[in-house]
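Let's talk through this model together, asking at each step what a given description rests on. Have the structure open and follow along.

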Amino acid sequence: MEPLHARYPFLARSREAVEAAAVDLGEIVATDETVTARALERVESAITDGTVGEPHRRTRVELLSYPVARVLVSLVDVHICTRKYAQAEAEAAYDRFTEEFETTTELKSTQRETLDRTELLAEFDLASAVRDTGDGYRVEVGAYLDLAADQRGDSWRLVNRPLADGEVRVTAEELNVLLKQAIRHRVTDGLPFTVPDAIADELTEEVDRLEEVLSELELTREIDTVVPELFPPCMKSLLDQVQKGEHLEHHSRFAIATFLVGIGMTTDEIVDLFQVNPGFGEEATRYQVDHIRGDTSPTEYSTPACSTMQSYGDCVNMDDLCETISHPMGYYEQKLDDTDEEELVDWREDEGDEEADA
Ligand code: SF4
C-alpha cells in the first residue's frame, strides 16, 4: 500500500493494492477502531462540511478507511448521504491532483510519487477521447456531454461551446473539472451495495451517528418562511401566550425563540413580536435571541425536540401530524411541503402590506 493509493483510493490500482494485501473487511471493522473512526469521519465530514476530513497519517488506515466508508454509506442508504459523500471524495481528489499537475517535473524527481493527467485520463478510459492541442484540449462530444451534464452555468452547455469535428474545446482548468466529475461517477458507482449482516452488525454505532447527523441537517435546512397558521400546535400556543402578554417560563421562551430563529426570523423581527409582552424587556430579548443564534455565544442553539418539549410540559394540543414527527421543525417543514406555494403568505410580507396600506 503506497501513499498514492491512500490519496486516490478510488483508482483501480489502489483497489488492487487492498486486494493484494488480502484484507478481510469483516475483520477490519471488528478489530480496527482507527480505520472505522477514520471511515466515519470521511462520511460525517462529507455530510456536514463537504470535505472528507484530514487524512490519517498512516497510509494503511487512510486507504482502508475508503472501502469502510463505502460500507457505511451503503448501510445508511440515503440518497443525500451518497451524493454528498461522492462529491466530497471528488473534491478532495480534485484539490490533490490539481496541485500535483502543477508540480514541475524537476520537483517531482525529489518528491513522492504523484499522479499526472495522462494517467488520470487513462484511468477513466478517456485517453483516446481527450486530445492535447498545446493551447488547450479537445474532448470528444460524447465524453464531454457525459461529464459536463451536471455542471452549473451556461458556459458548460454544448450550444455555448466551440465544436469542431465532433470535439469540444476546453481549457486545462475545465478538463480538471471534468476529471473531478469522472471521479464522482467512479465513487458513486455501485453505491449503495448490499452489506453482509456480520459487517453491518459491527457498524451499528457509526450508522446511528450518521443518521443523527443527517436528521440534524434536515432540521437546520434553511426554511425562511413564517406562516404562523402552519406552526406546530406547541409553537402556536407559545406564540399565543407571548402575544397575550402572559408570563412564560424560561424553557418555553427558549423553545419559541429558537423556533422563530430556526424558521428565518431576524432578531429585530422577533423583538418586535415579543415587545407586546410586558415580561420581555427589549434588551433581554435581543440578548437572548442573539445568544440562541450564536452571535454572542459559541453555540447556535436549535429548537428542542418533541421529547424535550413533552418533558417540560410545552407539548400541547397534539394533532395527527404530531404522531408522525419527532421535532417541531419537522412538523413545520411537513406543513410547508404539503401547502400549495401560492397559498403560503409569509407573515412578514403580510405585515409589510398592512403597514403600506395604513
Ligand atoms: S408533538 Fe411535537 S410538534 Fe406536536 S405539539 Fe408536541 S412538541 Fe409540538
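This is a predicted model: local features need pLDDT of at least 70, side-chain atom pairs count only at pLDDT 80 or more; totals for chains, interfaces and linings use all residues.

Q: Why is the pair of Phe231 and Phe259 called edge-to-face?
A: A pair of aromatic rings is described by the distance of the centres and the angle of the planes. The centres of Phe231 and Phe259 are 5.0 Å apart, and rings pair if their centres lie within 6.5 Å. The structure holds 8 aromatic pairs.

Q: What makes this a link between distant parts of the chain?
A: Phe231 sits in the loop between helix 12 (204-219) and helix 13 (233-243), whereas Phe259 belongs to helix 14 (residues 250-262). The two are 28 residues apart. Both Phe231 and Phe259 are buried.

Q: Why is the pair of Phe259 and Tyr332 edge-to-face?
A: Here the planes are at 65° and the centres 5.6 Å apart. With the cut-offs at over 60 degrees and within 6.5 Å, the pair is therefore edge-to-face. Tyr332 lies in helix 18 (residues 328-338) and Phe259 in helix 14, so their pairing ties together parts 73 residues apart in sequence. Tyr332 is buried, as is Phe259.

Q: How do you know that the charged end of Arg161 sits over the ring of Trp156?
A: The charged end of Arg161 is 5.3 Å from the centre of the Trp156 ring, and the distance cut-off is within 6 Å, together with an angle within 35 degrees of the ring normal. Lys180 likewise lies over the face of Tyr94, at 4.6 Å from the ring centre.

Q: Which residues have the most contacts inside the largest nonpolar core?
A: They are Phe10, Val43, Tyr85 and Leu126, in a core of 66 residues. Helix 5 (residues 59-76) gives the most to this core, with 10 residues. Val43 touches, among others, Ala69, Leu72, Val73 and Tyr85. Phe10 is also linked by ring pairs with Tyr8 and Phe124 into a cluster.

Q: Which residues does the second, separate core include?
A: This core of 27 residues includes Phe231, Leu260, Leu273 and Val289.

Note on methods
Residues are numbered from 1 along each chain as its sequence is written. Side-chain values use heavy atoms; hydrogens and water are left out. Rings of Phe, Tyr and Trp (its six-membered ring) pair if their centres lie within 6.5 Å; planes under 30 degrees apart count as stacked, over 60 as edge-to-face and the rest as tilted. Helices (H or I, at least four residues) and strands (E, at least two) are DSSP runs, numbered from the N terminus. Buried means under 20% relative accessible area, exposed over 50%, partly exposed in between (1.4 Å probe, protein chains only). A nonpolar core is a set of buried Ala, Val, Leu, Ile, Met, Phe, Trp, Tyr and Cys residues joined through side-chain atoms within 4.5 Å. Contact means heavy atoms within 4.5 Å. Lists of a residue's contacts leave out its neighbours within four places in sequence.
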